[in-house]
Amino acid sequence: MLINSTDPHNVAKTIKEKSKGRNVVLSIPDNYPVDVEMLIEELNKLDVQFMGGIVPKIIYQNMVLDEGVVANFLDHVVTQFVIENIREKDFTVPHIPFEREKDYCAFTMLDGLTGNISHYLSEVYRVLGNNCLYLGGGAGSLTLEQKPCVFSNEGFFMNAAITVVYEGSGSLGVQHGWEKIEGPIIATKTDKNVIQELNWRNAFEVYKEIVEADSNKEIGKENFFDIAKSYPFGVVKDNSECIVRDPIATNEKGELICVGEVFNNTVVDVLKGNRCSLVKSAEKAAKMAIENFSNPKSGVIIDCISRALFLEDEFQNELDTVVDLLKEQNDQMFIGGALTLGEISSFNGYLELFNKTIVVGLFGKK
């Protein structure tokens, strides 16, 4: 459901009327002038169980929007938990009693600009294991200013993650379509989501040499994001697409700040974007999800904001391609989602944080 109101009371009232006792996941664009703290208060007054995130943009059907609130309703919720201080690794993921004969999904929204995201996801997977199909995304502002960006009945948080676990079946498709231009390179010194050295040299100097040679453009601190959006890193994986890591800024030390961790001695490639290959990869992701699930009732698209910025006008083509394929399975299907700072999925079995990647999820009953 899309709610076009900035009045927290009206938004909460609409959600209460439509939820019919179900939990709700909310996605709100960063620049949409709704008072989130007041919305939390209004929803709590109405005894609505909810979680959500502030994201760069929202997806409703085949539209990318800067205005409105997207609400996805969930039946048969088992639990919902907030984990704070994920940057400091000072947390415990709760154990959940799963029933073997049932299928479960877990949806996570987390601060996309914090550190130790991969550690958090590995802890979630260690505790919950392969009992769940995992999906989610990184919240936060495209200004890259870190501030509270995820919320639930318990409050409005920064450096935190919120996960809801519910009974349900689904399938995922995950693809990125970026192609290698240089590598392998070793990230010889890192600190959480900051790459300090590549091949034992200053990280920015190495990256600058590669990017300028290919782009014929000078890259510096002021224009870093505009150019780097076309040149992500790929963390090399055996027998699958590499996992993309998005460098979003550089600092005065010449370090590269990424969305998501890069561990010491990780082998990476430098990748380059191709509009055609990206759109084709989105089509492939949709087909993967469709092949593994019949009669879907709803769809979720989690796509990367920097991917959309790279594709520019072609991004609408990507979204139309995916939505058209999903609607062929059920033309009444509700499709909601977000453009995020990092995408979360258990595609290929293990729970991962992706960048510059599209995640397509289909849900319903088998």
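Q: How many helices and strands does the protein chain have?
A: This is a predicted model. Its protein chain has eight helices and 26 strands.

Q: Why does the radius of gyration of the protein chain agree with a compact globule?
A: For 366 residues, a compact globule would have a radius of gyration near 21 Å. The protein chain has 20 Å, so the value agrees with the rule. Its C-alpha atoms fill a box of roughly 55 × 40 × 40 Å along the principal axes.

Q: What share of the residues of the protein chain count as buried?
A: The figure is 60% of the 366 residues. A residue counts as buried under 20% relative accessible area.

Q: Among contacts between residues at least 6 apart in sequence, what share join residues at least 24 apart?
A: The share is 80% in the protein chain.

Q: Why is strand β16 called largely enclosed by the rest of the structure?
A: Strand β16 covers residues 194-198. Four of its five residues are buried, so the rest of the structure largely encloses it.

Q: What makes β15 and β16 a pair?
A: Two strands pair if there are at least two bridges between them. Strand β15 (residues 189-191) and β16 have three bridges, in the antiparallel sense.

Q: Which sense do the pairings of β16 with β20 and with β17 take?
A: β16 and strand β20 (residues 256-259) pair in the antiparallel sense over two bridges. There, Val 194 stands opposite Ile 257. β16 and strand β17 (residues 201-202) are also antiparallel, over two bridges. Leu 198 stands opposite Arg 201 in β17. The hairpin of β16 and β17 has two residues between the strands, and Asn 199 takes a positive phi near 50°.

Q: Why is the pair of Tyr 125 and Tyr 134 called tilted?
A: The whole structure holds 11 aromatic pairs. In this one the ring centres are 6.0 Å apart and the planes stand at 55°. The values meet both terms, so the pair is tilted. Tyr 125 and Tyr 134 are buried.

Q: What makes Tyr 207 and Phe 233 a tilted pair, and which parts do they tie together?
A: Their ring centres lie 5.3 Å apart with planes at 45°, so this pair is tilted. Tyr 207 sits in helix α4 (residues 203-215), and Phe 233 sits in strand β18 (residues 233-235). The pair therefore ties together parts that are 26 residues apart in sequence. Tyr 207 and Phe 233 are both buried. Ring pairs also link Phe 204, Tyr 207, Phe 224 and Phe 233 into a cluster.

Q: How do you know that Arg 275 lies over the face of Phe 310?
A: Arg 275 is at 5.0 Å from the ring centre. The distance cut-off is 6 Å. Arg 275 is found over the face of Phe 310.

Q: Which residues touch the most other members of the largest nonpolar core?
A: This core has 74 residues. Those touching the most other members are Ile 15, Leu 26, Ile 28, Ile 195, Leu 198, Tyr 207 and Leu 256. Helix α4 gives the largest share of this core, six residues. Apart from it lies another core, of 35 residues, among them Trp 178 and Met 333.

Notes: Residues are numbered from 1 along each chain as its sequence is written. This is a predicted model: local features need pLDDT of at least 70, side-chain atom pairs count only at pLDDT 80 or more; totals for chains, interfaces and linings use all residues. Side-chain values use heavy atoms; hydrogens and water are left out. Buried means under 20% relative accessible area, exposed over 50%, partly exposed in between (1.4 Å probe, protein chains only). Rings of Phe, Tyr and Trp (its six-membered ring) pair if their centres lie within 6.5 Å; planes under 30 degrees apart count as stacked, over 60 as edge-to-face and the rest as tilted. A charge sits over a ring if NZ of Lys or CZ of Arg is within 6 Å of the ring centre and within 35 degrees of the ring normal. A nonpolar core is a set of buried Ala, Val, Leu, Ile, Met, Phe, Trp, Tyr and Cys residues joined through side-chain atoms within 4.5 Å. The radius of gyration is taken over C-alpha atoms; the globule rule is 2.2 Å times the number of residues to the power 0.38. Contact means heavy atoms within 4.5 Å.
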